[in-house]
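These are my notebook entries on a two-chain structure. I looked up one topic at a time and wrote down what I found.

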Amino acid sequence: MPLILKIVTPERIVYEDTVDSVSVMTQMGEITILPGHIPLVANLQAGELRTKKNGEEIFLVSSTGFLEVRPGNQVTILADTAERVEELELEKIEVAKERARKMLEEKRNIDDVAFADAAAMLERELARERVAIKRKKYRDVGKQD
Amino acid sequence: MAVQTRAIKRRIKSVTNTRKITKAMELVAASKMRKAVGAVSASRPYSKLAWDTVLSVGGKIDATLHPLMRQSGKVENVLILLLASDRGLAGGYNTNVIKSAINEIRRLGDSVKSQTICIGKRGADAMRRIKQPVLASFTEITNNPKFEEILPIGKMIINEFSDGKYDKVLLVYTDFVSAISQKPLILELLPFGVQKKSEELGETSEDKGGQKKTKEEKGDYTFEPTPREVLDKMLPRLVETMVYQAVLEAAASEHSSRMFAMRSASENAGEMIDDLSFTFNQARQAGITQEIAEISSGKAALEAK
């Protein structure tokens with residue numbers, strides 16, 4: 001019995017499919033959910049998100065959010081942002097990261113809330129960059145074969 | 001005669017100008033509506049799922065775990081968040097939502113103290129008129145709602161509720177069903193975990209089929225890292241999401257009802273112009289006929305001499 005996976009952000013439904021397994025970064029570290037998992041609610045950390053379907057892996061990046069495993073093999077991921085790796089562009093991430101870093105510096109001594117926001121933004125961009133670089137290597141290797 | 005035709009002419013001109021304005025407003029409202037409808041349908045799945053999560057989790061855990069789940073045995077203080085628009089000329093939009101808020105306040109009765117937070121000038125004005133205390137009034141939000149803009153509202157609701165000042169928080173807004181149908185709704189936002197499944201935010205005919213309810217399947221939820229930590233992050237976020245979704249629904253409803261109000265106004269103006277032109281032509285023809293009659297009778301009188 002496969003998992004019914006839904007990855008949703010406030011902007012759109014990023015991914016919706018039945019899959020064999022899904023691995024996500026939670027606050028406690030990476031976990032993999034297989035069919036028959038007990039009901040679970042966990043906080044998500046910005047990072048890589050992998051799902052497996054028929055032996056094929058699909059890579060996504062998500063930022064902070066929540067994970068809910070419901071009875072009946074339903075997995076719902078409510079993330080603030082999430083993208084598929086194919087949608088990531090390293091150059092743009094680089095720019096966004098720099099902007100986030102600059103903002104973090106500016107806000108450091110001014111405003112706690114803005115500082116926390118900027119920190120979360122930087123964390124998100126770093127996670128995207130990490131995943132993009134990692135997956136790019138894989139793809140490049142794949143091309144040489 | 002000349003006086004009457006001039007008066008009609010002036011009237012036609014003024015109605016034409018009115019029609020130009022209503023036509024322009026219709027176009028503006030239509031483009032805003034398209035944007036608002038896009039935003040509302042994009043964020044619906046998220047808030048729907050988030051709401052479902054809280055409903056399914058909320059029923060299964062201890063309500064004392066988090067201040068936002070605090071249930072008071074007796075409801076004495078109620079906070080009402082009313083979503084109306086800043087501007088009028090939107091058909092029955094404001095009237096309907098305000099009416100349903102007032103009915104709710106009446107229904108609560110005298111034993112319950114209620115306060116309102118208003119979004120949109122019209123709502124605040126109406127509440128002042130019925131001498132309902134207004135805790136805060138936010139404006140300039142429904143025109144083009146952004147998530148950052150509703151954060152202070154969410155924060156305010158969370159703080160007021162956590163402090164124990166209120167036992168219940170209600171959202172009164174207009175649900176966007178379709179471009180031609182919007183209905184005012186009342187949603188019990190806080191405390192979490194007691195809500196009935198009846199009229200949920202953003203539920204329309206289209207997404208009823210997609211969501212399979214896992215109602216009666218039992219099983220305790222595991223929380224990672226701890227229930228408190230998860231709820232601490234999740235519940236405030238959910239309040240914000242629900243308020244944001246309600247604002248989006250309200251904005252889409254506002255713009256579409258304004259568009260339809262303006263469309264019918266333009267149509268009515270068109271009819272009026274047709275009517276007036278007809279009367280104008282009649283009056284002009286009557287004037288000409290009368291003049292001819294006067295001239296020919298004058299001539300006949302001269303010839304008769």
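**Entry 1: the contact between the chains**

I began with a definition: two residues are in contact if their C-beta atoms, placed from the backbone, lie within 7 Å. I also noted that the model is predicted.

How many residues of chain B are in contact with chain A? I found that 22 residues of chain B are in contact with 24 residues of chain A. On the side of chain B that touches chain A, at least two residues each come from helix H1 (2-58), strand S6 (222-224) and helix H6 (227-304) of chain B. H1(B) gives the largest share of that side, with nine residues. I then sorted this side of chain B by class and recorded eleven nonpolar, six polar and five charged residues.

Strand S5 (residues 40-44) of chain A is joined to S6(B) by three bridges, and the two run parallel. Within S6(B), Thr222(B) is the residue opposite Leu40(A).

**Entry 2: chain B as a whole**

I listed six helices and six strands in chain B. Along the sequence I read their pattern as α-β-α-β-α-β-α-β-β-α-β-α. Of the 305 residues in chain B, 35% are buried. Among contacts in chain B with a separation of 6 or more, I noted that 79% are between residues 24 or more positions apart.

**Entry 3: the sheet of chain B**

In which order do the five strands of the open sheet stand? I wrote down S3-S2-S1-S4-S5 (chain B), with mixed pairing. S3 and strand S5 (181-190) of chain B are at the edges; each has a single partner strand, so one side of each has no neighbour in the sheet. On average, neighbouring strands of this sheet are turned by 20° against each other, direction ignored.

I followed one pair in detail. S1(B) pairs with strand S4 (residues 168-178) of chain B in the parallel sense, over five bridges. In S4(B), Val169(B) stands opposite Leu79(B). I then saw that H2(B) packs on the sheet and touches S1, S2, S4 and S5 of chain B, its direction making about 150° with that of S4(B). H4(B) lies across S1, S2, S3, S4 and S5 of chain B and runs at about 170° to S1(B).

**Entry 4: two helices of chain B that pack together**

I turned to helix H4 (residues 147-162) of chain B and H6(B), which pack at an angle of about 125° with their axes 9 Å apart. That angle makes H4(B) oblique to H6(B). The crossing of H4(B) past H6(B) is right-handed. From H4(B), the residues that meet H6(B) include Phe147(B), Ile150(B) and Leu151(B). Their counterparts in H6(B) include Pro236(B), Val239(B) and Glu240(B). By class I recorded eleven nonpolar, one polar and one charged residues in the contact of H4(B) with H6(B).

**Entry 5: helix H3 of chain B**

Which residues of helix H3 (residues 121-129) of chain B are buried? I listed Arg122(B), Gly123(B), Ala124(B), Ala126(B) and Met127(B). Their cover includes strand S1 (77-83), helix H2 (93-108), strand S2 (113-119) and strand S3 (134-138) of chain B. Just after H3(B), I noted a positive phi of about 60° at Lys131(B).

**Entry 6: strands and a loop in chain A**

In chain A, strand S6 (residues 47-53) and strand S7 (residues 56-62) run antiparallel and are joined by seven bridges. Thr51(A) has Ile58(A) in S7(A) as its bridge partner. The hairpin of S6(A) and S7(A) has two residues between the strands, and Asn54(A) in this hairpin takes a positive phi near 50°. S7(A) also pairs with strand S10 (residues 82-84) of chain A, in the antiparallel sense and over three bridges. There, Ser62(A) is opposite Ala82(A) in S10(A).

Last, I looked up Pro71(A), in the loop between strand S8 (65-70) and strand S9 (74-79) of chain A. Why does Pro71(A) count as partly exposed? Pro71(A) does so because it has 15 C-beta neighbours inside 10 Å, whereas a buried residue needs 20 or more and an exposed one has 12 or fewer. The C-alpha atom of Pro71(A) is separated by 8.0 Å from that of His37(A), and the two residues are 34 residues apart along the chain.

Terms used. Residues numbered from 1 in each chain as written. Chains lettered and ligands numbered in written order. Predicted model: local features only at pLDDT ≥ 70, side-chain atom pairs only at ≥ 80, totals over all residues. Helix = DSSP H or I, 4+ residues; strand = E, 2+ residues; numbered from the N terminus. Nonpolar A, V, L, I, M, F, W, Y, C, P; charged D, E, K, R; others polar. Pairing = 2+ DSSP bridges. Axes fitted to C-alpha atoms, helices over the stretch in contact; angles between N-to-C directions. Parallel < 35°, antiparallel > 145°, perpendicular 65-115°, else oblique. Left-handed = near helix turned anticlockwise from the far one by under 90°.
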